[in-house]
Amino acid sequence: MGLLEGKKGIIFGALDEKSIAWKVAEQCVAEGASITLTNAPIALRFGKIQELGDKLNAEIIPADATSLEDLENLLTKSMETLGGKMDFMLHSIGMSFNVRKKRPYTNLKYEWMQKTFDVSAISFHKLMQSTVKLDAINEWGSVLALTYIAAQRTFPDYSEMAESKALLESFARSFGFHLGAQKKVRVNTISQSPTWTTAGSGVQGFKEFFDYADQMSPLGNAPAEDCANYCVSLFSDYTRYVTMQNLFHDGGFSNMGMNTAVLEWAKGLKD
Ligand SMILES: NC(=O)c1ccc[n+]([C@@H]2O[C@H](COP(=O)([O-])OP(=O)(O)OC[C@H]3O[C@@H](n4cnc5c(N)ncnc54)[C@H](O)[C@@H]3O)[C@@H](O)[C@H]2O)c1
């Protein structure tokens with residue numbers, strides 16, 4: 001439909017074809033955008049991002065999202081490569097060091113917790129602050145970060161990622177104010193259904209997480225492809241006054257209290 005015709009953007013976090021960011025990158029280019037892709041240097045070595053870059057004719061610029069130097073380099077190079085300031089950016093980054101090391105929530109290592117917050121949430125503040133510093137985004141631009149409902153409700157196995165997401169959503173709201181007032185840029189978070197990806201399936205009991213949400217939601221879990229379409233709509237000019245929101249893309253899960261389908265499903269697990 002050409003919804004992003006002439007727009008330029010940066011997509012963080014495409015690791016392999018399961019990544020939500022991978023689908024968003026594909027959909028943005030299909031809608032007419034030019035993009036650069038970025039990921040942590042280690043992910044460039046082990047992931048498949050080069051494959052995506054070749055397919056979409058997108059330059060790949062490595063950046064550890066916790067490094068201000070890397071982020072400034074990324075923004076500067078993206079402006080050079082794409083020939084101007086950005087119109088949109090997707091932050092699609094999450095990683096918990098305590099979850100990876102299987103530490104229970106009541107016995108977390110604080111050094112790792114701080115790293116988790118840095119990668120999963122403070123990186124967003126760093127990206128936004130660098131964007132302001134380098135004046136790297138156009139008026140009426142749009143910034144999105146991906147989040148999860150564990151920021152508002154308790155999902156025990158999500159561990160310290162819950163607090164990471166709460167912090168991320170709060171940073172997005174605050175920058176929604178500052179960038180909105182300064183430059184008419186909108187900033188939102190999308191709270192996505194459980195999705196089978198490397199980050200998602202790293203959470204203990206992910207299958208039960210996924211199936212429970214799928215049964216509870218009247219529309220079922222939202223697939224990554226549909227999340228990509230939603231991102232495109234929020235990058236497009238059709239949503240110019242949507243800002244400072246945490247937008248649920250979850251098939252209705254967030255507003256459900258009870259669904260008898262869940263009872264049937266749980267009974268099936270017992271039998
Ligand atoms: N999968 C789910 O169930 C689900 C649900 C809701 C929200 N989300 C969120 O969606 C986003 C994308 O995750 P995904 O599910 O597509 O998994 P994914 O594993 O494909 O993506 C996570 C990305 O974060 C990148 N990353 C990690 N550390 C980094 C660093 N220091 N610098 C730069 N990049 C770094 C990884 O390389 C990877 O590409 C995350 O924020 C995640 O929390 C996922």
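Two residues count as in contact here if their C-beta atoms, placed from the backbone, lie within 7 Å. Keep that cut-off in mind for the views below, which all come from a predicted model.

**View 1. Tyr230 and its contacts.** With neighbours up to four places away in sequence left out, Tyr230 touches Ile190 and His249. Tyr230 itself belongs to helix α10, which spans residues 224–235. Is Tyr230 buried, exposed or partly exposed? Tyr230 has 18 other C-beta atoms within 10 Å, so it comes out as partly exposed. For a sense of scale, the C-alpha atoms of Tyr230 and Gln182 are 26 Å apart, and the two residues are separated by 48 residues along the chain.

**View 2. Helix α1 and what follows.** Zoom in on helix α1, residues 20–30, and you see a mostly covered helix: eight of its 11 residues are buried. Those buried residues are Ile20, Ala21, Trp22, Lys23, Val24, Ala25, Gln27 and Cys28. After α1 comes Gly32, and its phi is positive, near 105°.

**View 3. The nonpolar cores.** The largest nonpolar core holds 59 residues, and the members that touch the most others are Ile11, Ala25 and Cys231. Helix α10 gives the most to this core, with seven residues. Which residues does Ile11 contact, leaving aside neighbours within four places in sequence? They are Ala21, Val24, Ala25, Cys28, Ile35, Leu37 and Leu90. There's also a second, separate core of eight residues, and Val99, Ala151, Tyr158 and Met161 are among them.

**View 4. Asp54 on helix α3.** Asp54 sits in helix α3, residues 49–56. Asp54 counts as exposed because it has 10 other C-beta atoms within 10 Å, and a residue is exposed at 12 or fewer. The C-alpha atoms of Asp54 and Val99 are separated by 33 Å, with the two residues 45 apart along the chain.

**View 5. The shell around the ligand.** How many residues surround the ligand? The count is 26, and the closest are Ser19, Gly94, Thr197, Ala199 and Gly200. Elements giving two or more residues to this shell are α1, β5 (137–147) and α8 (198–201). The largest share, three residues, comes from α8. Sorted by class, the shell has 13 nonpolar, 12 polar and one charged residues.

View 6. Look for Ser142, whose bridge partner in β6 is Arg186.

**View 7. Helices α9 and α11.** Two packed helices are described by the angle between their axes and the distance between the axes. For α9 (residues 206–216) and α11 (residues 260–270), the angle is about 140° and the axes are 7 Å apart. On the α9 side of the contact are Asp211, Tyr212, Gln215 and Met216, which meet Ala261, Val262 and Trp265 in α11. By class, this contact of α9 with α11 has five nonpolar, one polar and one charged residues.

How values were computed. Residues are numbered from 1 along each chain as its sequence is written. This is a predicted model: local features need pLDDT of at least 70, side-chain atom pairs count only at pLDDT 80 or more; totals for chains, interfaces and linings use all residues. Helices (H or I, at least four residues) and strands (E, at least two) are DSSP runs, numbered from the N terminus. A residue is buried if 20 or more other C-beta atoms lie within 10 Å of its own, exposed if 12 or fewer, and partly exposed in between; C-beta atoms are placed from the backbone. A nonpolar core is a set of buried Ala, Val, Leu, Ile, Met, Phe, Trp, Tyr and Cys residues joined through C-beta atoms within 7 Å. A residue is near a molecule or strand if its C-beta atom, placed from the backbone, lies within 6 Å of it. Ala, Val, Leu, Ile, Met, Phe, Trp, Tyr, Cys and Pro count as nonpolar, Asp, Glu, Lys and Arg as charged, and the others, Gly among them, as polar. Two strands pair if DSSP finds at least two bridges between them. Axes are lines fitted to C-alpha atoms, for helices over the stretch in contact, and angles run from 0 to 180 degrees between N-to-C directions.
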